Amino acid sequence: MFSSSIKNTIDRWIEVFLILLMALMVLNVSWQVGSRYILNDPSSFTDELARYMLIWVGMLGAAYVAGKDEHLAIDIALSKMNPTNRIKTQMLIHVFVMLFALAAMVVGGINLVYITFILGQNSAALQIPLAYVYVVIPFSGLLVIYYQISRIVMLNKELKNS
C-alpha cells in the first residue's frame, strides 16, 4: 500500500494537475487583464475563478511538497543528532504533521464542505457551490496523511537496518 511506485504515480498525477491548473490560471488572469485594459470591459468571473484556482494550487501544492519531504524545516537540531535519534525524531515530526492534517484539514475540511453544502452557498460570479471549491482541503489532508505514513514506514525500515 505504501510502495514507491504507488507514491510515484500519485506524485505524477498531482504534478500534471498542478501544471494544468497553473496554466489555466495564467490564461485566466491574462484574459482578466486583457479584458479590463484592452477591451475596457472587465470580465465578471475571472477574479473569482483565479481566487478559487489559487486555493486549489496552494492546498494541492502543500500536499505535494509534503510528499516530497521538501517542506520548510529548521533542521539544526536534527543535524546534531546521532542517526538513530534523528530517525526517531523525524518519525515523531511526521506523526505530528499527520495529526495536524487529520484534525485541521480532514475533519475541519469535511465540516467546512458539509456546512457550505447544507447551507447551499454559491459563489457570487460563477454560481457554483462553494463546497466544490473547499473539497480540496480534506482531499489534500488525506494526501498529506498518506505521504506521512509512507515516510514513517520508510524511516522505520531505515531504523531497523541501522
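Trainee: Which helices each supply at least two residues of the lining of the second largest pocket?

Mentor: In this predicted model, those elements are helix 1 (4-37), helix 2 (46-68) and helix 6 (136-161). The largest share of that lining comes from helix 6, with 7 residues.

Trainee: How many residues line the second largest pocket, and which are the closest to its centre?

Mentor: The lining has 16 residues, and Phe2, Lys7, Ser150, Arg151 and Met154 are the closest to the centre. The space in this pocket is about 240 Å³.

Trainee: What is the make-up of the lining of the second largest pocket by class?

Mentor: It has 5 nonpolar, 6 polar and 5 charged residues. Lys7, for instance, falls in the charged class because Lys is counted there together with Asp, Glu and Arg.

Trainee: Why is Lys7 called buried?

Mentor: The cut-off for buried is under 20% relative accessible area. Lys7 has 17% relative accessibility, so the residue counts as buried.

Trainee: What makes the contact between Asp11 and Lys7 a salt bridge?

Mentor: The criterion is a side-chain nitrogen of Lys or Arg within 4 Å of a carboxyl oxygen of Asp or Glu. The closest N and O atoms of Asp11 and Lys7 are 2.9 Å apart, and the pair therefore meets the criterion. Side chains of opposite charge can pair when their charged atoms come close.

Trainee: How are Asp11 and Lys7 placed relative to each other in helix 1?

Mentor: They are 4 residues apart in helix 1, so about one helical turn separates them. Asp11 is buried as well, because its relative accessibility is 3%, against a limit of under 20%.

Trainee: With which residue does Lys68 form a salt bridge?

Mentor: The partner of Lys68 is Asp11, with the closest N and O atoms 3.7 Å apart. This value lies within 4 Å, so the term salt bridge applies.

Trainee: Which parts of the chain does the pair of Lys68 and Asp11 link?

Mentor: Lys68 is in helix 2 and Asp11 in helix 1, 57 residues apart, and the pair thus links distant parts of the chain. Lys68 counts as partly exposed because its relative accessibility is 32%, a value between the limits of 20% and 50%.

Trainee: Why is Lys157 called exposed?

Mentor: Exposed requires over 50% relative accessible area. Lys157, in helix 6, has 55% relative accessibility and therefore counts as exposed. By contrast, Leu92 in helix 4 is only partly exposed, because its relative accessible area is 45%.

Trainee: Which residues form the nonpolar patch on the surface?

Mentor: The patch consists of Val29, Trp31, Val33, Tyr37, Ile38, Leu39 and Phe45, with about 740 Å² of accessible area together.

Trainee: How much space lies in the largest pocket, and what lines it?

Mentor: The space is about 320 Å³. There are 13 lining residues, of which His71, Ala73, Asp75, Leu78 and Ile93 lie nearest the centre. Helix 3 (76-80) and helix 4 (83-118) are the elements that give two or more residues to this lining, and helix 4 gives the most, with 4 residues. By class, the lining has 7 nonpolar, 4 polar and 2 charged residues.

How values were computed: Residues are numbered from 1 along each chain as its sequence is written. This is a predicted model: local features need pLDDT of at least 70, side-chain atom pairs count only at pLDDT 80 or more; totals for chains, interfaces and linings use all residues. Side-chain values use heavy atoms; hydrogens and water are left out. On a 1 Å grid over the protein atoms alone, a cavity is a set of points where a 1.4 Å probe fits but cannot get out, and a pocket is an open set with protein on both sides within 12 Å along at least five of seven lines; lining residues have an atom within 4 Å of a point. Grid points are joined across faces, edges and corners, and a volume is the space filled by probe spheres set on the points. Patches are made of residues with over 30% relative accessible area and no salt bridge: like charges are joined within 9 Å, nonpolar side chains (Val, Leu, Ile, Met, Phe, Trp, Tyr) within 5 Å. Accessible areas come from the Shrake-Rupley method with a 1.4 Å probe; for residues, only the protein chains shown count as cover. Buried means under 20% relative accessible area, exposed over 50%, partly exposed in between (1.4 Å probe, protein chains only).
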